[in-house]
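This report describes a two-chain model in short sections. Please keep the sequence and the coordinates at hand while reading.

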Amino acid sequence: MVEFWIDYGFPLLIILLKIIVILVPVLIGVAFATYFDRKIWAAMQMRRGPNVVGPFGLMQPFADGLKLFMKETIIPAGANKGVFLLAPAITFSLAMIGWAVIPFGDGLVLSDINVGILYMFAISSLGVYGIIMGGWASNSKYPFFGALRSAAQMVSYEVSMGFIIVTVLLCVGSLNLSDIVRAQEKIWFAIPLFPMFVMFFISALAETNRPPFDLPEAESELVAGYQIEYSSMAFALFMLGEYANILLLSGLTTILFLGGWLPPFDIAPFNWIPGPIWFLSKLAFLFFVFSWVKATVPRYRYDQLMRLGWKIFLPLSLFWVVLTAGVLVAFDWVP
Amino acid sequence: MIVQGLVFYLFAAIVVVSGVMVISARNPVHSVLFLILAFFNSAGLFVLMGAEFLAMILIIVYVGAVAVLFLFVVMMLDVNFVQLREGFLQYLPVGGLIGIILFVELLLVLGGAGVTVEGAPANALAAPMPAANVTNTEALGALLYTKYVYLFQAAGMVLLVAMIGAIVLTHRTRPGVRRQNISDQVGRRREDGVELKKIQPGQGA
C-alpha cells in the first residue's frame, strides 16, 4: 500500500496541483480576455465599453458570469438532450486540455511530450465537434446551418495550417514545443518565415470562428448560429471555450513564430525580464491583434472564405514547404 | 504495472463497447459519435504501447478530418437508416464468418495458441523497442523514407488517383452559373462603366 502511494498516489496529487496552478490563471485570464476584447472593440468605435461594475468596469466579466449562472438552462423540446448538453462541455474541456503542453518558460510545462505540436494540432482540430454537435442537437434551422458552415470552414483551414506547421518543423527538427522555442534563440521564425506567420494567424482566426471568419455564428444572417438555443451556463461554457481557444492559439502562434519565452534580444535590459512574462506579453499582443481584426475587418462572404482557404492558402503553404526544404538542403542547414 | 494493465482494460473495454454501439445505435449521428469514442480509446491504447506519434496521427486524421466529414454527410443525407438496418440479422452469419476467419488468421500470424507459420515473426506481439534516445517519430521516419520509400510513394499515388477519381466522378458543369471574377472586378475602369452624354434641353437621352 505504501509503495502504491509512492508510485502512483503522490505523483498524481502533484500533477493535480500543477493542473490547478495552470487552469485557475487561465480561467481568470479568459474572464479578463472578454473584458479586454470589449474594451478594445469599444475604443476602436469611440465608445467607452464596460465601465460600470467595479473600477473601470473590471468586474464586468464576473457580473456576466454570475448572471449566466443564475439563469435557467432551457432545453428545447425537440432537442437531442444528451448531445445538446455534451456539446458545450466538449468545447470547454478541449479548450482547457490544450494548455497541458504549452511551455510558459524554460521547463515550465505540465507535460513535455515528444509530439507536443501534434497534440496541439489534434486538440485544435477537435474544436469543431462542440459546434457541430451543438448545432445538430438543437434541432433547429439556424444552429444547423452554423454547424455545417463551421465543419466545412475548419476542415478547410486545417489543411493549410498543417502545412505551415510542417514548414516550422523543418526548421526545428523536433515535434516538441520546448525544442521549437529553443530553435529560435538566434532568430524568431516570424522573420524568415514571415508569410507563414501571417497565414498562420489568419488560419487561427478561421479556426476559432473569430471575425472576419465568424460565419458559424454570423449574427446578421444566422442570428447566433449554433449558439441560438443555448442559455445560462451551457452558453457560458461555449463562450469560455471560445475565448480559451483564442488564447490557446495565440500561445501556439507565439511558440511557433515569436520565440515563446525568449526575449527579442539576448542583451542586458531584455534578458532581465523572466521568460514567462515575455511569453504572456507576446500572447497578450496577439490577443490584441485578434480584437483589432474583429473591430476593423468586415465579415467574409462564404465563397470567398472557401476560395481563400483552398485556392490561396493551400498552394502557397505547400509551395513554402517545398521552398523551405529546398533552402535548408541547399545551404546544408538541416537541423 | 497494475495500473497500466487496468488502464489497458478500461480503454479496450470502451473500444469494444463503443464498437458495438456504432452498429446498434438507432440514431446514425450517435453511431458516428460512438465511432469517434472508439477512435479516441484506440489512440489511448497506442499511447500505452509507447506509440505516441501513431496515437496523435490517428486523432488528427480520423477524428479531426474523416469523422467530421462523416458526421457532415450523415447529418445532411436523408438516408433511411432504419430500412438499411433491416437486413442486419440476415447478414449476421456472413459477417460473423468473416470475423472468425480474420481472428484465426491473426492467431496464425502472431503465433498464438501454439500454431506457427513459416516466415512469420515468432513474437510479433511484443513490439521491438527502439533505441532509448530515438523518439518514435524519428524511428518511423527513418524507416518509411529509406527501406519502404517505394511503398510509401505508391501509397501516395493510390490516394492521389482515388482523389482525382472522386473529383472526376462527382464533377458536373452547370451552365449559366454566374461566377465572381476578381481580376475582372479589379481591372474595371471608369471608362468601361460610365459614359457621359451631352443631352440637349428638350430632348430625351
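Asp37(A) and Arg210(A) form a salt bridge, with 3.2 Å between the closest N and O atoms; the term stands for a side-chain nitrogen of Lys or Arg within 4 Å of a carboxyl oxygen of Asp or Glu. The pair links distant parts of the chain, 173 residues apart. Asp37(A) sits in helix α1 (residues 2-44) of chain A, and Arg210(A) in the loop between α7 (194-207) and α8 (219-222). Helices (H or I, at least four residues) and strands (E, at least two) are DSSP runs, numbered from the N terminus.

The model is predicted: local features need pLDDT of at least 70, side-chain atom pairs count only at pLDDT 80 or more, and totals for chains, interfaces and linings use all residues. Residues are numbered from 1 along each chain as its sequence is written, chains are lettered from A and ligands numbered from 1 in the order in which they are written, and side-chain values use heavy atoms, with hydrogens and water left out.

Are the two partners buried or exposed? Asp37(A) has a relative accessible area of 1% and is therefore buried, and Arg210(A), at 2%, also counts as buried. The cut-offs are under 20% relative accessible area for buried, over 50% for exposed, and partly exposed in between (1.4 Å probe, protein chains only).

## Other salt bridges

Over all chains the count comes to seven salt bridges. One of them joins Arg182(A) to Asp179(A), at 3.0 Å from N to O. Both residues belong to helix α6 (residues 177-182) of chain A and lie three residues apart, about one turn of the helix. An α-helix has 3.6 residues a turn, so residues three or four places apart point the same way. Arg182(A) is partly exposed at 34% relative accessible area, as is Asp179(A) at 29%.

Asp303(A) and Arg301(A) form another salt bridge, their closest N and O atoms being 2.8 Å apart. Asp303(A) is partly exposed at 40% relative accessibility, and Arg301(A) is partly exposed at 41%. A network of salt bridges with shared partners joins Asp37(A), Arg210(A) and Lys294(A).

## Chain A as a whole

Chain A has 12 helices and zero strands. Its C-alpha trace spans about 65 × 60 × 45 Å along the principal axes. A compact globule of 335 residues would have a radius of gyration near 20 Å, and the 21 Å of chain A agrees with this. That radius is taken over C-alpha atoms, and the globule rule is 2.2 Å times the number of residues to the power 0.38.

Of the 335 residues in chain A, 51% are buried. Among contacts (heavy atoms within 4.5 Å) between residues at least 6 apart in sequence, 75% join residues at least 24 apart. The accessible surface of chain A is about 15600 Å², with 73% belonging to carbon and sulfur atoms. Accessible areas come from the Shrake-Rupley method with a 1.4 Å probe; for residues, only the protein chains shown count as cover.

## Chain B

Chain B has nine helices and zero strands. Of its 205 residues, 16% count as buried. Among its contacts between residues at least 6 apart in sequence, 53% join residues at least 24 apart. Chain B exposes about 16100 Å², and carbon and sulfur atoms supply 69% of this area.

Helix α3 (residues 52-76) of chain B has 25 residues, and at 1.5 Å a residue it should span 36 Å; the expected span is 1.5 Å times one less than the number of residues. Its end C-alpha atoms are 34 Å apart, which agrees. α3(B) also has a kink of about 35°, centred on Ala67(B). The bend at a residue is the angle between axes fitted to the seven residues ending there and the seven starting there.
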